[in-house]
Amino acid sequence: MTTLTITRPDDWHLHLRDGEQLQDTVRDASRYLGRALVMPNLVPPVTTTELANQYRERILAVRPEGSRFEPVMSLYLTDKTDPDEIRKGRTSGDIVACKLYPAGATTNSDSGVTDVKNIYPVLAAMQETGTLLLVHGEVTDSRIDIFDREKVFLETVLPDVVRDFPDLKIVLEHITTEHAVNFVEQAGDNVAATITAHHLLFNRNHMLVGGIRPHYYCLPILKRNTHQAALVRAATSGSKKFFLGTDSAPHFQHRKEAACGCAGAYTSHAAIELYAEVFEEAGALDKLEAFASHNGPDFYGLPRNPDTITLVKESWTVDAILPLGGDQLVPIRAGEDIGWMVK
Ligand SMILES: NC(=O)N[C@@H](CC(=O)O)C(=O)O
Ligand SMILES: [Zn+2]
Ligand SMILES: [Zn+2]
């Protein structure tokens, strides 16, 4: 039996949602994660330390018995975010990062930032306090093709931010292109990226060949296979600039299997197992620990988890549907097998 023991992983990009959905998302997150950076795109968004603290309490309240899973909280930036709110969040100790959603770029981003220049005083406060900037890196200009939106963001928006805030720690979230890999590799040590399991496993053919498959639809959208290959190379390279962020984003089945379906893929039920498949396929299982458990906390300036988990090479079948707040969702790999299991 093949086993793999690694430092306990963290997920640096996770959507736990709220209300009745929380018990289901937190149960999956608690399976083996030490921590998760909890995304603030609730409705209404988590824009203040007070809202983040309340949200954190709601998450902790539904942790399964005995779980030590720790949510790490972030704030949602808007055109109106007050720089003092950043200082408050940092000194009160709990806010380690803020999320930049270009207005309209993705699920629940309507209150996002309309022009990055509007938040320059906020970015200055973040740089000063060591608060990380997490970026959904896509432009929203309707004239730009959806498959080019990440690339254009990297050409037209992010270079200014990197130049104007040389000490700001920036995480380019859920990268999907070779352009993003190159951008991050060429930037200084203050720039890193998260990579999802689904962008490593799939490309746009999985979503569009032989019928349109809404459960593969997420943002940034799956790209062509050459980009997928670049992501696998980056994740399995051993570079400290790339780390695990699932972007597991639950939506009800009926909201995805619809004429206008929601963006988001759910992988929390099997995330580390899916990453293990990718790393094994790439002949790089020895690099999984750095990607899943070391690079993230090192970049965030937080301690690595003190204990380990063990993965066993044993096949199991994913349920066709999973519960979500009294309704249901269709997870990635629904009804299919996965080759690794958490012991
Ligand atoms: N990734 C997605 O397609 N959706 C995310 C939002 C996001 O991370 O962009 C969601 O909240 O559903
Ligand atoms: Zn996003
Ligand atoms: Zn996300």
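What volume does the second largest pocket have?

Guide: The model is a predicted one, and in it the second largest pocket has a volume of about 280 Å³. Sixteen is the number of residues that line this pocket, and those closest to its centre are Arg8, Gly34, Arg68, Phe69 and Asn305.

The largest pocket may be set beside it. Its space amounts to about 450 Å³. Its lining consists of 20 residues, and Arg17, Asn41, Leu42, Val43 and Asn108 lie nearest the centre. Here the division is eleven nonpolar, five polar and four charged residues.

The next subject is a metal site. The zinc ion (ligand 3) is held at 2.0 Å by His13 through NE2, His15 through NE2 and Asp247 through OD. Its site has four donor atoms, and the angles among them run from 93 to 132°, which makes the geometry tetrahedral. Along the sequence, the donor residues follow the spacing H-x1-H-x231-D. A distance of 3.9 Å separates the zinc ion (ligand 3) from the zinc ion (ligand 2). Histidine 15 belongs to the loop between β2 (11–14) and α1 (22–29), and aspartate 247 to the loop between β9 (242–244) and α11 (253–256); the pair therefore ties together parts that are 232 residues apart in sequence. Both histidine 15 and aspartate 247 are buried.

Eight aromatic pairs are found in a search of the whole structure. For phenylalanine 202 and tyrosine 216, the ring centres are 4.7 Å apart and the planes stand at 70°, so this pair is edge-to-face. Phenylalanine 202 sits in the loop between α8 (197–201) and α9 (204–208), while tyrosine 216 sits in the loop between α9 and α10 (225–235), so that the pair links distant parts of the chain, 14 residues apart. Phenylalanine 202 and tyrosine 216 are both buried.

Phenylalanine 279 and phenylalanine 291 have ring centres 5.3 Å apart and planes at 45°, and the pair is therefore tilted. This pair likewise links distant parts of the chain, with phenylalanine 279 in helix α12 (residues 271–281) and phenylalanine 291 in helix α13 (residues 288–300), twelve residues apart. Phenylalanine 279 is buried, its relative accessible area being 0%, and phenylalanine 291 counts as buried at 1% relative accessibility. Finally, Trp12, Phe243, Phe299 and Tyr300 are linked by ring pairs into a cluster.

How values were computed
Residues are numbered from 1 along each chain as its sequence is written. Chains are lettered from A and ligands numbered from 1 in the order in which they are written. This is a predicted model: local features need pLDDT of at least 70, side-chain atom pairs count only at pLDDT 80 or more; totals for chains, interfaces and linings use all residues. Side-chain values use heavy atoms; hydrogens and water are left out. On a 1 Å grid over the protein atoms alone, a cavity is a set of points where a 1.4 Å probe fits but cannot get out, and a pocket is an open set with protein on both sides within 12 Å along at least five of seven lines; lining residues have an atom within 4 Å of a point. Grid points are joined across faces, edges and corners, and a volume is the space filled by probe spheres set on the points. Ala, Val, Leu, Ile, Met, Phe, Trp, Tyr, Cys and Pro count as nonpolar, Asp, Glu, Lys and Arg as charged, and the others, Gly among them, as polar. Donors are N, O and S atoms within 2.8 Å of the metal (3.2 Å for Na, K and Ca); water is not among the atoms, so sites may look incomplete. Four donors count as tetrahedral if all angles lie between 85 and 135 degrees; four count as square planar and six as octahedral if opposite donors are over 155 degrees apart and all others between 65 and 115; anything else is irregular. Helices (H or I, at least four residues) and strands (E, at least two) are DSSP runs, numbered from the N terminus. Buried means under 20% relative accessible area, exposed over 50%, partly exposed in between (1.4 Å probe, protein chains only). Rings of Phe, Tyr and Trp (its six-membered ring) pair if their centres lie within 6.5 Å; planes under 30 degrees apart count as stacked, over 60 as edge-to-face and the rest as tilted.
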